[in-house]
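Take a look at the assembly below.

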Amino acid sequence: MTSSSASLFPRLAEEGGHAVPVIHQVPADGVFALLWVIIALPALGAAIILLGGGNRTKGFAHLLGCATVLGSFAISLVSFFALLGRDETDRSVGQFLWTWVDAGSFRADMALLYDPLSALFLLLITGVGSLIHLYSIGYMEHDERRARFFGYLNLFVAAMLMLVLSDNYLGVFLGWEGVGLASYLLIGFWQHKPSAAVAAKKAFVVNRVGDIGMALGTMLVFATFGTVAFAPVSEVAGEAPTATMTALGLLFLLAACGKSAQVPLQSWLLDAMEGPTPVSALIHAATMVTAGVYLVVRSNFIYDYTEVAQTAVVVVGTVTLLWGAIIGCAKDDIKKALAGSTMSQIGYMMLAAGLGPYGYAFAIFHLLTHGFFKANMFLGAGSVMHAMNDDVDMRHYGALQKAVPVTFLTFAMGYLAIIGFPGFSGFWSKDKIIEASFGESTLVGLCALVGAGITAFYMTRVMLMTFFGQKRWEEGVHPHESPKIMTVPLIVLAALSVLGGLLLFGDFVTDWLTPAVGAVAHHELAFAPWVFSLIVTVVVAVGVTIAWLTVGRNEVPRTAPQNVSFVTRAARADLYGDALNEELLMRPGDRFVTGLVGFDDKGVDGVVNGTGTAFAGMSGTFRKLQTGYVRSYALSVLSGAVLVVVALLAVNLT
Amino acid sequence: MDPTPFIGLSAILFTIGCIGVLVRRNAIVIFMCVELMLNASNLALVTFARVHGNLDGQVAAFFVMVVAAAEVVVGLAIIMTIFRTRRSASVDDASLLKY
Amino acid sequence: MVLFWMLAPVMVLAALGLLFVRKAVHAALLLAVVMVCLAIMYAMQDAPFLFAVQVIVYTGAILMLFLFVLMLVGVDASDSVIETIKGQRLAAAVVGLLFGVVLVVGVAQVTITTVTGLDVANKDGNVQGLAQLLFSKYVFAFEATSALLITAAVGAMVLAHRERLTPKRTQADIAAERMRDYVAHGKPLGPLPSPGVFARHNAVDTPALLPDGTPAETSVSRVLTARGTIRSAPDLADDIDELTRGMRADGEVRPGAPGEAAAPAENDDVNPKEK
Amino acid sequence: MFPWLTAALLLPILGAVVVALLPSPSGDQPRTDLPQKVALGFSLLTLLLVAVIGVGFDVGGERYQFTETYTWIESFGAHYALGVDGIGLTLVILTAILTPVVILASWRDGDNGRWGVNSFFAWMLALEGLAIGVFAAMDVFLFYVLFEATLIPIYFLIGGFGGARRSYAAVKFLLFSLLGGLLMLASVVGLYVVSASSEGGPTYLLTELAPITASIDTVTGRWLFLGFFIAFAIKAPMFPVHTWLPDVAQESTPGTSVLLVSILDKIGTFGMLRFCLGLFPEASQWATPVVLVLAVASVLYGGLVAIGQKSIPRLIAYTSVSHFGFIVMGIFVLNSYGQIGSTLYMFNHGLSTAALFLVTGFLINRRGSQLIGDFGGVEKVAPVLAGTFLVAGLSSLSLPGLSPFISEFLVLVGTFTHNWWYAVFAVLGIVLAALYILLTYQRTMTGPTVEAVRGMRDLNLREVGALAPLLLLIVVLGFFPKPLTAIIDPAVGHTLEQVGVSDPQPDVPAPTAAEEEINQ
């Protein structure tokens, strides 16, 4: 690696302390032979439900949907413990299924890679997925298309599992777009609402922009290394030119931005809240949106060799964490507030992932805990909406803690976790990230710190507006607690939100992930870690206090006040991200397309039709020669004869 | 006998026939002019037969006559038919073959 | 050669006449002159068979056909002097003369040095020589011409044949139609009355008199009526009056003079066409 | 040896004759659907025959198999010579699969034509036979004759059955095609001159011609190449000679559009691969930059203009322009990924566009309007229709897991390894694809159900039966394209060998041993 003294971020790799891990796969035996079943089960479920049709599968679709995911969870769990029992060097299990694409020297296999990283993801996806499936049985009970909903959910789980299990970039791409499709279908699940249909399309299209990065990245990987599989690439990654690695890193960052709703491709996530709430919990909080983080962490053997791309990841993460947090502060729609928060939290993960070996493990750790508490909160929000007749406006809530006690308590667990209340899971994971980012750069660290404060502010605001204060309910709303099938998953997730921090106990997570992402590196910090924890806690407390002072003490108006500061207006408008897209892309794009259509009709086709018209005009002129008089024809025949004779004479005379 | 005047006469008659076809309008007269052209060529054929000293030219002239006879039969029948339907023997009246 | 120089101007003049005469019949006669002269030239050039054929087939058959057709089309049909196609005459003259000039120039290029003559070829006789060629070298062409002639004959028949558009009227149809006419218009059932037959004057140009003394105009041929060479009944009546006056010198006059009787001549009997 | 390919060529044509001679149904009799049934029977028999050919094809064997060669016109060196390599076989199979599907889907479409039902299905079968002949022709002259002959049935199919301005569309199509055909004829004549002056005398036989043209004079070669290329570009169609396609798609019946876009247009790209590259390797390399620019332009232009369309068939037509851009791009990047991808793309595009045309055809037939604005909320009343439309659309936008993805990706990989600039621009096409498909889906299928579609029936059994094989193939080949790539791979290898290029090597080749180890 070439050194760059101008860099803000000194690299440990340069000092030789960090070894980029190389993936050595061992054949799948024992329980690992069943790896493919983990994907196949939900895929089968989706196929049965979707091909069978809504009416025929109505009776059993929800049960089948849950059963397949629970089955996958069981296998994942067994596999996890099996992996736990292995040597650290044997923890990358490969399973070859079949050759997918084989063209010339291009080859991509349907092959699975089960290593500590994917193991954690499997647990998250199937575990949280199972809970959300169960919850959906209750949440979607009155929807006549519930069977189809479960079909889509299963499809999503299958695709997501493909994404994290594939051993090559093309397979990741398959899962990548598969989850995009499922997300599209689920956001637009209530597609009779035009807003849902538009949001679904927007999500897909924005994701496609990110997919450009994924596609080009995969191509560049192939062009550089002659293969798209992780293992061989990780072996020789160090020999590739830095420029290539930078390009790869930026391309995959583009992909990650799309999938994980990072600035500048963040605009779809808030709109995606049009989907049913379990979808928001599963796809747009816990799993799919974290795929970008997965991609960056999985490609650690690329990012470790390129500072520029890493810096880009850090910048994107930092900007997004603030961006999302600010948006979250202004939203009155409970789901959108949570979506802003999701964006912000993924920003943290991105930031961590961009820190390289200092942060990979913490990114994943935060990803897990976030998966727990954010799913918990989304489901809680769903439960609240369920109680409030699907009203999402927090200004119509208030004083719900008595009406929906279980939801309140579980939501509170999630709340404490996300703001980083000491001891709760979010405290451990976020604290580590802030600490590591301070090690990188004071500026980034400060941003992360401020983000934590804002997080505390807006989450407290959500909490206060929803569960405390005065009743501001709509007429005829009688809040009631949700059925057991919904509250049980809430309780489980709340427990995980509280206890998720245990994963860090004895540095379990970081050690576990070492074979996949390398050992954690540590900065020499100015203060001891506990000092950072203290600072973070103080900042959080400040955020909570501000929220209490502004929201908790005052009456909350039932309609949003309009004479507010510019910052609030901007935050309500998603910091003008959509407006920017519209002005910069959609409007000119529209005009360009209209112009092009006109050009095609009038220009390109005009040339064609013009030629036709010209010939028609010419023949119109020439046909006048055809007078119909035999004698003029005879005259022309004679003239021809004269010409022939003259020609003959001319030839003979010369 | 010098054959050249014969050939010249043939050419002159042929030309007159041509012009006749072009300027006359009565279909029957036009037909006569065509006959004149055929005859003019016959004269040339016969003359060349004498020049070359074999009878092939005469045979050709004979064939021309036969063909002319057939042509006249059909042509006049056509003129009759047209006359019957259109009450006119002028070729300018049969000008349907136009734009 | 003398003969040639005598005939040639005649032919050229006759041919030119073809261009300028107004009546088609005259054109046909001028063409006949050209053809006969040509026949003589064939004879001059040792082609007696063609001479005969020219006279018999061309002048005899083809020209007669022309005349027949002219008769059918109308002998008096003549071209109008006005040219209908703009510039046709001028263009025809220019192109035609150009053609002629080119032709003549072309012919003049060829200098015919030796004339072989047909003495050798005609040693067994011209007809025999031609027959020899026709039935050996040109036999296929000859057979083809026979097919051509048959086709032409059939073609001419087909063309001249008038397509029957309605079923042929049988005698019964005609009789029935007459009855219908009689019922509807009171047309006489029988044949038209024969013209008047008088003791003194027995001619087709005089209408017969009906029992009431009126002339029956249908009794006279329509052609005569059209030509106006008909003697009207009043004329005849005058004659008769004269006669009777002469006969009845004592001055006794017969009642119902024909002059008055001619007045109601216009009735249904009169052919509506002539009306 | 049994002349399998001749049989596959003649069987549909025989079917066409039989169908044409069947008594045509008159108004007062109950409908027996006899022409449809007989046509379907013949097309299925052909499919069976082609399946036998496919099974009998030896992947490791000769390049051209099932060859038959008879001298046709000796003085031209023209032969009746048939034979297939992997590329030709792929397209023959595509033809054989699509024809029965189209016949089944167009069951009622021939009822209101200018001519009877019989002629509609007879022309379809005739087209199938001729198309198989084109793909199997081993002689340039025979190829040319069949290439032009395919215009006859398709002209009557467009001009006889469809919308109000079908005559305009048919004539436009014909004129475009004839223009291309004329240029190609010039090149075919030129080939005669070239081969006649060679040692072996005139020959049009591909196998004998290739060595002759390989050493052709550069300038001549380039001119001859241009004649072929322009004809194929019009056929394909590529920007800027594409404008006949939207008109035809708009006016003709869906079945006709499928036969045209999915099968006939492939002759263009097939021809580029076999004739342009096979006969004029030097000229092909010379033309590569221009062709690639045009191809990328087609990709983007087709996609952009598709977004702006108001009529669904026109939109699909423009998407095809975009897709053909990809195919041509893959062919002219001159490496195995691109060309395997292109050949696969031809097959997959055939399937996905057929599905898209047919399902939108069903939709349009029900509503009686082609305009996107006349639909809305169809998903609610006809979920199966909406679902199949979505799957067909997703395959058109190359969603991974559906067969077109693999081909598109391979083409892009090929382009990337050739020159990454082209790939960067072409890859924008995938965003455009998402836009034009999903916008259409959103506008027609989602939202509140508009009044006019409220009583719309869902797909019936026949329609599902026509679409199911297509969608099944799309999904199966999306995960397991091996049967096709296996037969295409050697053929592309031969083509590249003729051109004299080989695949670029990776900068940092990664060891593959580790992979092989687990793969056992």
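How many residues does the contact take from chain C and from chain B? Chain C gives 68 residues and chain B gives 61 residues. Keep in mind that this is a predicted model.

Follow chain C along its side of that contact. The largest share comes from H3(C), with 12 residues. Now sort this side of chain C by class. It holds 55 nonpolar residues, 10 polar ones and 3 charged ones.

Chain B also touches chain A. Here the contact takes 11 residues from chain A and 10 residues from chain B. The side of chain A that touches chain B divides into 5 nonpolar, 3 polar and 3 charged residues.

Stay with chain A for its sheet. Three strands form an open sheet in the order E1-E2-E3 (chain A), and the pairing is mixed. Strands of a sheet pair through backbone hydrogen bonds, either parallel or antiparallel. Why do E1 and E3 of chain A each have one side without a neighbour in the sheet? Strand E1 (26–27) and strand E3 (106–114) of chain A stand at the edges, and each has a single partner strand, so one side of each is left without a neighbour there.

Look at how E1(A) is joined. It runs parallel to strand E2 (residues 93–103) of chain A, and 2 bridges join the two. Within this pairing, A:Val26 stands opposite A:Val93 in E2(A).

Methods
Residues are numbered from 1 along each chain as its sequence is written. Chains are lettered from A and ligands numbered from 1 in the order in which they are written. This is a predicted model: local features need pLDDT of at least 70, side-chain atom pairs count only at pLDDT 80 or more; totals for chains, interfaces and linings use all residues. Two residues are in contact if their C-beta atoms, placed from the backbone, lie within 7 Å. Helices (H or I, at least four residues) and strands (E, at least two) are DSSP runs, numbered from the N terminus. Ala, Val, Leu, Ile, Met, Phe, Trp, Tyr, Cys and Pro count as nonpolar, Asp, Glu, Lys and Arg as charged, and the others, Gly among them, as polar. Two strands pair if DSSP finds at least two bridges between them.
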